[in-house]
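Here's a quick briefing to read with the model open next to you. Have a look at the chains first, then work through the notes below.

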Amino acid sequence: MRCQEVESKISAFMDDELDSGVRQTIEIHLDSCGGCLEQLEGLRKLDGLLQKLPRVHVAPEFAEKLALEVRTEAAAIEKSPFGRLGFLNGLLTLAHDFFDLLERPKSPSTNTLDEFNDFPPLSMGYIYCRLLKQCGGE
Amino acid sequence: MDDSGLQLIRAIGKGDHVAFEHLVKRYQNPLLNFVYRYVGNRQTAEDLTQEVFLQVYRSAARFEPKARVSTWIFKIAYNLCMNEMKRRKRLAAHERNMQMAEEQPAQFLSPDSIERFELKQFMIKTLVQLPEKQRAALLLRVTKGLSYQEISDILGVSRPSVESLLFRARKQLRQLLARYEME
């Protein structure tokens, strides 16, 4: 293997990320090539410097603060009509209203169903509107 | 496979806040250091680290264990860092935002320490100047010890590309370092 090829592989060689065959070839080359060996030492020195760069640490209360934040976020979702329970309640209300509409006697005194003789399309719209209104009113 | 990490993610996906706190404590410092080296600014790094954990919390229920939990978390961090760099470029404030002398004031150090301090500052500054993928690959490899395959998963590039990115990053840094030592 020539020096130019070794140079292109020396970084992966240092990281032990080469096939055993290529690795062995490079090891043989390094035994007899001072220039390439110097390159390898230079890269090792560089990595050493990078590893010694000053480390930063989070504030001690970082995890607690973050946990509190997600708790608050989760609580807000729970309260929201489109949150997990809110959404489930919405679906239950929709189902309830749907069956309520089917069961309810159609009396001229009520102003809810007369206009929905073309059931089901408009009545579904009616339920949807009621549901939205309910959600919006909360 | 990182089993304990996976268990934590599963628990977080079910809304377990104690598990979330454990996960944060496990990854907070490695993540902060990766992000800090990447963006070169302490305050931004803290904000981004916080955002990484919030994203982890929000998407834990959808996590699929194709990769290690740590790989997934660093991938989120990398994506957020890239977005941050794009935002900075748009604002053309990258250079101004670099906070280089935030650790120790040089006048309180011995001449030898000053030299080491200056070298470290030079390294931090030079790192931030590397092309983004090269920088990410180098940080993930050298400071986190990730394998080429893991880096390839995080950066979304092939394994040979990781090899090439690392080779070029080290070559460029070495050249800059040699120039610095000659001055």
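**Inside α3(B)**

The buried residues of α3(B) are A45(B), L48(B), T49(B), V52(B), F53(B), V56(B) and Y57(B). Buried here means 20 or more other C-beta atoms within 10 Å of a residue's own, exposed means 12 or fewer, and partly exposed is anything in between, with C-beta atoms placed from the backbone. Helices (H or I, at least four residues) and strands (E, at least two) are DSSP runs, numbered from the N terminus.

Keep in mind that this is a predicted model: local features need pLDDT of at least 70 and side-chain atom pairs count only at pLDDT 80 or more, while totals for chains, interfaces and linings use all residues. Residues are numbered from 1 along each chain as its sequence is written, and chains are lettered from A and ligands numbered from 1 in the order in which they are written.

**The helix and the core**

- α3(B) has 18 residues and spans 26 Å from its first C-alpha to its last, close to the 26 Å expected at 1.5 Å a residue; the expected span is 1.5 Å times one less than the number of residues.
- An α-helix has 3.6 residues a turn, so residues three or four places apart point the same way.
- The largest nonpolar core has 64 residues, and V35(B), I73(B), A77(B) and A137(B) have the most contacts inside it. Such a core is a set of buried Ala, Val, Leu, Ile, Met, Phe, Trp, Tyr and Cys residues joined through C-beta atoms within 7 Å.
- α2(B) brings the largest share of this core, 12 residues.
- Beyond its neighbours within four places in sequence, V35(B) is in contact (C-beta atoms, placed from the backbone, within 7 Å) with A45(B), L48(B), T49(B), A77(B) and C81(B).

**Chain A on its own**

- Chain A has 6 helices and 0 strands, running α-α-α-α-α-α from the N terminus.
- Of its 138 residues, 12% count as buried.
- Take the contacts in chain A between residues at least 6 apart in sequence: 54% of them join residues at least 24 apart.
- E38(A) sits in helix α3 of chain A and is exposed, with 10 other C-beta atoms within 10 Å.
- E38(A) and Q51(A) are 13 residues apart along the chain, and their C-alpha atoms are separated by 20 Å.

**Where the chains meet**

- On the chain B side, 32 residues are in contact with 26 residues of chain A.
- α2, α3, α6, α7 and α9 of chain B each supply at least two residues of that side, and α2(B) gives the most, with 10 residues.
- By class, that side has 14 nonpolar, 8 polar and 10 charged residues. Ala, Val, Leu, Ile, Met, Phe, Trp, Tyr, Cys and Pro count as nonpolar, Asp, Glu, Lys and Arg as charged, and the others, Gly among them, as polar.
- E21(B) lies in helix α2 of chain B and is buried, with 20 other C-beta atoms within 10 Å.
- Not counting residues up to four places away in sequence, E21(B) touches A63(A), E64(A) and A67(A).

**α3(A) against α9(B)**

- These two helices pack at an angle of about 85 degrees, with their axes 10 Å apart. Axes are lines fitted to C-alpha atoms, for helices over the stretch in contact, and angles run from 0 to 180 degrees between N-to-C directions.
- α3(A) and α9(B) are therefore roughly perpendicular, a label for angles of 65 to 115 degrees.
- G42(A), L43(A) and L46(A) meet R170(B), L173(B), R174(B) and L177(B).

Technical notes. Two residues are in contact if their C-beta atoms, placed from the backbone, lie within 7 Å. Angles under 35 degrees count as roughly parallel, over 145 as roughly antiparallel, 65 to 115 as roughly perpendicular and the rest as oblique.
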